[in-house]
Each structure stands twice: as structure tokens, then as C-alpha cells.
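Hello,

Here is the structure I said I would pass on. My notes follow below it.

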Amino acid sequence: MADLSVTFAGIRSPNPFWLASGPPTNTAYQAHRAFEAGWGGIVWKTIGDPTPNVASRYSALRLGNKRMVGFNNIELISDRSPETNFRELKEIKHRWPDRALIASLMTDTREHWHDLIRRGEDAGVDGFELNFGCPHGMCERGMGSAVGQNPDVAEKITSWVMEVASKPVIVKLTPNITDITQAARAAKRGGANAISLINTIRSITQVNLDNFVPEPYVDGASTHGGYCGPAVKPIALNMVQNCAQDSEFGLPISGIGGISNWRDAAEFLALGATTIQVCTAVMHHGFRIVEDMIDGLSAYLDSKSMESPRELVGRAVPSLRKWEDLNLNFKRVARIDHDTCIGCNLCHIACEDGAHQCIDLLDPETTGIGYGPGRMLGKAAPVVREEDCVGCNLCSLVCPVDGCVSMVEIPSKEAPMSWSQYQSRLSKGDIAPIPAHP
Amino acid sequence: MEEIHAPLSDQAALAESQRCLYCYDAPCIHACPTGIDVPTFIKKIATGEVASAAKTILTANILGASCARVCPTEVLCEGACVLGHDHEPIPIGLLQRHATDFVTAHGISVLKRPTEKSGFRVAIIGGGPAGLGCAAELAQLGHHAVIFEKESNAGGLNTRGVAYYKMKPRVSLDEVRLVESLGVEIQTGVNVGEDLTGEELLSEYDAVFVAIGLGSESHLGIASEYGPGVRSALDFIRDIHEMPLEEVEIGKSVLVIGGGNTAIDAVSQAKRLGAPSATLAYRRKEVDMSAYTFEVALARAAECRMVFEAKPVEVVRDVEGNLAGVKFIHSSSGKEWIEPCDQLLLAIGQPKQDSLLKKLFPALEIDARGCVTTDPLTGRTSLPKIFSGGDCANGGKEVVNAVGEGKKAAMEIHRMLTGKPATPTKQSSRQGITRPPSGAGLWNPIRPPNH
């Protein structure tokens, strides 16, 4: 059985599953419950000058029967005093010595940063996370994402912290920036030991169409909130991979953004994260979700004969290339399994109206296709015209039956050729231009 | 007595509607004899546009509210649902009821009366589902439709022939009002053939739609059949609709003869209304019953007893002539026995209306079954100005078939009168199979497999 323990920038953790700084990591009571449930580490809710909050604070994107597909918040950093927070951190570390306990910090002056770091070290935390990412409220006061969006300032503050920190320091990055690697490199220049990303994305989740005030509603007004939850995973994966692939960077990464189960976690690991952090999924379902994450990752690693999550970290990073380096001669077409097709025709209409018009509805009797499990007698069946299929995947994505539409590779007579190779051959006159699609 | 299926709550309707895959050229549309665009109305429920969903339903089927209750959805739309073969189909009937009940309850008019009138007048004989379907469509096409109904209320079997636990008469009467709101004139208590002749209608109206349904009584033709305690099951069901429930005469031991859905309705109703014993006797085997399997299961669940291969030979009466039972002979074993009963309900089919039809229109072609010969796509009969649909033409089908036939006839009448085709409600088209291009379920309903 795989050993899930990891060491992240020198911080030891029994598994790669940490709770991200946020509402679930606000108190010792919650931390205790989380560790009981099995979480490997906790990043405490950001400590700084305690700040009052507003009601309401959260809003969500709902998609059909799925609630909280995306989630946003306008809650600020801890509203409890640093004294209370550090006292509780100390208690928790004493109670759970084998778990990773990280203090998230946010303040302004060099003196204040030094003070928080020293108090954290006195409390016995295993490391620090610098909150350079919060995109609402705190940024208006020159902190949070206001720091993360300015690499020079981020580097400067990181270097202040490194003057006194003896424990590992993680810089948490904001995604509200054009090139995430610039922020990652600034953290490294400032002396950080690792980064974590992504923090939340500035967002408006919904507008109330009766009173024309977006949510969350605060006395007739709203403000831009930080977006997170399952919907942000693709953005987070992209940014994690960007940092993992950046040759100038090279520090450990803690992946955050829309992780709710072991599969999400495994994808972050495969794209270069060593640990992952979860918040929204716990706000939705509680600390208990970690059991599935532990069992699922463990079984997955076993199935791949990997002994440690370390073997998974970064496995998918090299397969990400520039578009110009992809093989233009690779051919794939959709194939519909009529034995499992239920006859919803979603593939047909998606291709017909949204793609390349190569799925016909044909008579199942004269074509000899016959009837699948749910299809009605006399009702047309979808059939791919393979010679016209561009292999876009759309039909296989809309099909509600797993495995019914498969994308099949068609062996190409042509040798692999990327766009950049094509351009170079074209300029040398070695090759005729590829004709435009009719 | 409550309707057997509770309505969906708003929350449940939302959850179920969001489960719909929104199929393209969906099988449920093809399975609906009125071609309701089911995915479109379900999508509207999912986005909170319930009144608009009702508009989609009622545009295709003016009796959408009653069909939502009495349609055998298991063998129609829900039977065709692509989610049904390895999972639960979408509860289309309940969602349709949710939407149509919403507009009824809130008094929302979703159908518009046309502002321009054609000046053409069409007489409709019979205010049942076929007549209402035809009248509503004609009215929306700008014609003046007049329904002649012999009973005191229109709605036909929907108003007085559907088991109470399936649908209350109120639903049907609300639909009658909906049809009237489109400008249709309904003259009740008019018995065409006695109060008015067919000739008079033909001379006063530009077209006539015959939708007189079926008769109400058939007989066993066995000894002692006529006498106290014996009546038609349809009359029994009608009493339940028209009388206070406590006044409906229910025997202590009720015997129903028949194997169709009316027999099942009657035996279930009798039991549900307090008969200590209710038995259904059918002359053939259970598999031969024309009643739907789920209806039979419902009756069993209500603790109704059933005997099969029971061929009635004689109604048994005591010396005073009171009903005592029915003597049967078992068709395979030949064994004879008496089923005791103090109330006998006959559900052995409704007689055809051939004699009334001949009286009304002597030249009208009647087929071997005793039904009006019609073209199923247009409702045309052997006579140019006369159209027909519903039970008197199809021999007895579902309410939804009757509505569809009325609607198709209305479109054909419109074409005949104006020379222009009536554009059917736009429905998904189909490719690859040669069939009419639109409203596939209306023009050519497909039955789901396994039925």
C-alpha cells in the first residue's frame, strides 16, 4: 500500500491533503475536528489586524440540480485577535504534533510582519503562508491581492519575512494577474520556500433580477467577491502547471482551486503540486470528505504501482506543449456505439449546430444499425460521417452515456508534423500549403 | 377521495425538470399523439417559466391538464424517455400537470384569441375530447366553432367517465372553460338527431365535425341479466362524478365483469369507496386483458380480487328477484361455479354508434366495426363537408388520441375553407426516415417498445 506522507518545503505531512486558509480553519475547535477526520495539514485562517465583517458574505453559482458549482465570498481575514489565534495554534500543535500546521498571515509594515512571524514561531507552527491573494476588501487597504498583483512589492514583503522566519515560508498567489509565473518568480526572488495557488478570482456570481443587486446582498449593495469551488479548477490547474513548467521557478507548489475529491487532487499532483489545499468542498460537505480523498488516492497509487504521491507529482507537466508543437497529422474521429446509444440525439444537434455537421440521423432499419437499449422503433439513429469528422470531441462530451461515443485514432500515412515544422518546410519550399477546409 | 398521484412540489418539479436531457427530436414528442414539445416545456419549468411551459403544452394539446392525469404515460411519452431503459424516466405527466395546474390556479391566459375572424362557422357534434380539441384549434385559426353537447356539461368521458382517483371532474370543467375562453360556443343539452338534424347542420354550417364518442351500455346477453343490481360500470363511475360520494350506491359484494381499463377503474373505485369485497371477473386469461398492467397492479394494491377464464352463463337471482350472484363456467376446466354478489357492474365495452350515425348522415360511410371511415391524417370522411375523430371514428382510444384527431381535422377544415394550410405547432423535425416533416407525434405517433 502506498505511503501518502509527503514533505513539502521541509514541512512533513502524513498526507498531501491540507485545508486551505478560510472559514473552515478559523478556530481550534474546527482544527481539532479536521485533524480527527484525517486532514494532513491546516493553513489557519489569515491572522492580522482583526477586522469586522459584513452580512451576507457568500454567494454561489448553481447549475441545474448542482449547487455550489462555483462559490464566492466577501469575508475578510480573521476577525479574532492574533493573541487568540496564536494561543489556539499552540494548543493544536501540542495536540496534533504529526500534522502540518501553517499560519496564514497578512499585515502591512515590515515591523508588523516581523512581529507576526515571531509570534507564529513562538506558537510552534510548522510554516507560514503569506496571503498576497485576497481579492476583496483587504486589497483596498493595500494588502492581499494588491500585493500579489505587484511582483516588486510581493518580492519586497517576502524578503522582510525571510529576515526573521526560521520556518518554511509559502507565498500564496493571486490569479487576478496576466502571467502567474511573474508572481511566482517574484516570490522566489524574495526568498520564499514555496508557493500556493490559486487564491480566489474576482467575480460576480449572480444578479438578483428583482432588485438589481448582485449577491451577496449587503443592505442594497454588493461587492466583487473571490470566486472558488469546482468551476475554478481548470483555471487553477493551468496556473499550477505554468509555475511547475517554468524553468526559472522550481520551488514546491501547493495546489488550490476547486478540489473536492481524490481525482481533483491527483490531477493537481500530476500537474506539479506536492500538496493540495481544500476549502469550498469542506464548506459544502464538511471535513469528512477527506476520507474519500485518502482512500481514493491510495487505491489509485496502488493501481499505478506507485509507492508515494511523490511519484505522481509533475507526471503530466511535460505533455503540455505550445500549440505550434502539436502534431497536425494526428487524426481522430468519433464513433458511436449503437448498442449503448439511448437515442437522445444530443450528439447530432451539437455537431449540426455547434460543430462540423458530420453526424446524420439515419433509419436504423435500412442502415442495418438496429436499435439500442432505449431507442424507439421507427426513430432515426445518429451516425458519424467519419470522412468529414474533424475529431473535435464535442459529441463525446455531450453524450450522456459513458463510453457510448469514443474518439478513435485513425492511423495517419503522414509522418508527424507540427505547425512550426510546417512553417519551416513551407518556407523552404519542401511542402505544398495544406488546403483550406471547404 | 384524493387523486392517486400527489402533485409535484415546486422543488420536486424543479429537480425532475433539471434531470431532463433535453433530447433533440425527442422520442417523447414522437410518442405523444398530440406531439407536445416535451423537452421544451420541461426546459421552461427548469428555468422557472412555468406559465410559458403551460403555453407550450396547451398550444399542442388543449386538454393538457386532463391528459397529464389520464394518459397512460408509461406507454406513451414516459415509455419513450431515453432515461427509462436503465434508470427512471422523467415524470413527464406530473410535470405537465404541474405546469397546467399552475396557469389554472393563477388564472393566467396563455393562449390568445385571434383578433381577425374568418367568418366561417363549423358545427361540432359532441363536446368530448375530440370535439374540444377540434373546436379549440378552429377558434385559434379564427373560425367560429359551435359545439352541440347532449349532456349538461361538455368534457365527455373526462367529465364523467374517468375514475375519481385519477382525475376530479373539476379539471375537465376548467378545460371546457378554457376552450370557451377562446371564443368557442358550447350549446349543452342539445341532442343532435332529435333537437336538430344532420341536414340542418350541413346547411347552416361550413363544415361539420362528428365526435359523438361511443354508447354507454353493452349487454352480456345471458339469462336474468335485466333486473335490479345490474348496471353499466360507466354509469357507476358517472355517479361518482355527479353525486355526493356518500350517496353513490355501493354494494357489499361488488362484481365487475370485463378486462379493460373501465373494468379496472370500476372495481378499484368500488373497493376504495368502501365495498367490503370487490371482484373482477374476466372471460380470458390475465395476459389477454386490455387494461394496462400498471392499472391492474393498482387494483390489486387496493385489495381487489380477480378471477380469470370466467365465462358468465347466468345471472343468479333469489325468489324476490334480488341479485345473488353470477354463474360462471371456467373456460379451460369447464367447471361451473357461482360468484356471489349484490351489485354487478358491466364493463364489457361501449357499443358503437352506427345506428345514430346512420340516422344523422345516411350517406356517411361506416366501417365494419361500426365506426366512421376517416383518413387518420385529416379526419376526412366519405362526405366532403363532414369530418370525424375520437372514439366514434377510432373505435375507442385514449383522450390524447381524440384531442390529436380533433386538432388534425380542424387543420384540414381550415385548409378546405381558406385554401391555406394551417401551420402546425412547430415541432422538431426528423431526418433520414421518410415521414411527415413536423409534428411527428401528432401525425405519426410511435409506440414505445415493449407495449
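Predicted model: local features only at pLDDT ≥ 70, side-chain atom pairs only at ≥ 80, totals over all residues.

**Contact between the chains**

Where chain A and chain B meet, 21 residues of chain A and 20 residues of chain B make the contact.

**Domains of chain B**

Chain B splits into three parts, and two of them are built from separate stretches of sequence: domain 1 covers 1–111 + 423–451, and domain 2 covers 121–214 + 351–420. Domain 3 runs over 230–346. Between the C-alpha centres of domain 2 and domain 3 of chain B the distance is 31 Å. Their contact involves 10 residues from domain 3 of chain B and seven from domain 2 of chain B. The domain 2 side of that contact consists of four nonpolar residues, two polar and one charged.

**Chain A as a whole**

Chain A has 438 residues, of which 46% count as buried. Its secondary structure comprises 18 strands and 13 helices. How much of the contact within chain A joins residues at least 24 apart in sequence? Counting contacts between residues at least 6 apart, the share is 74%.

Regards

Key:
Residues numbered from 1 in each chain as written. Chains lettered and ligands numbered in written order. Helix = DSSP H or I, 4+ residues; strand = E, 2+ residues; numbered from the N terminus. Buried ≥ 20, exposed ≤ 12 C-beta atoms within 10 Å, placed from the backbone. Contact = placed C-beta atoms within 7 Å. Domains from an automatic or database assignment. Nonpolar A, V, L, I, M, F, W, Y, C, P; charged D, E, K, R; others polar.
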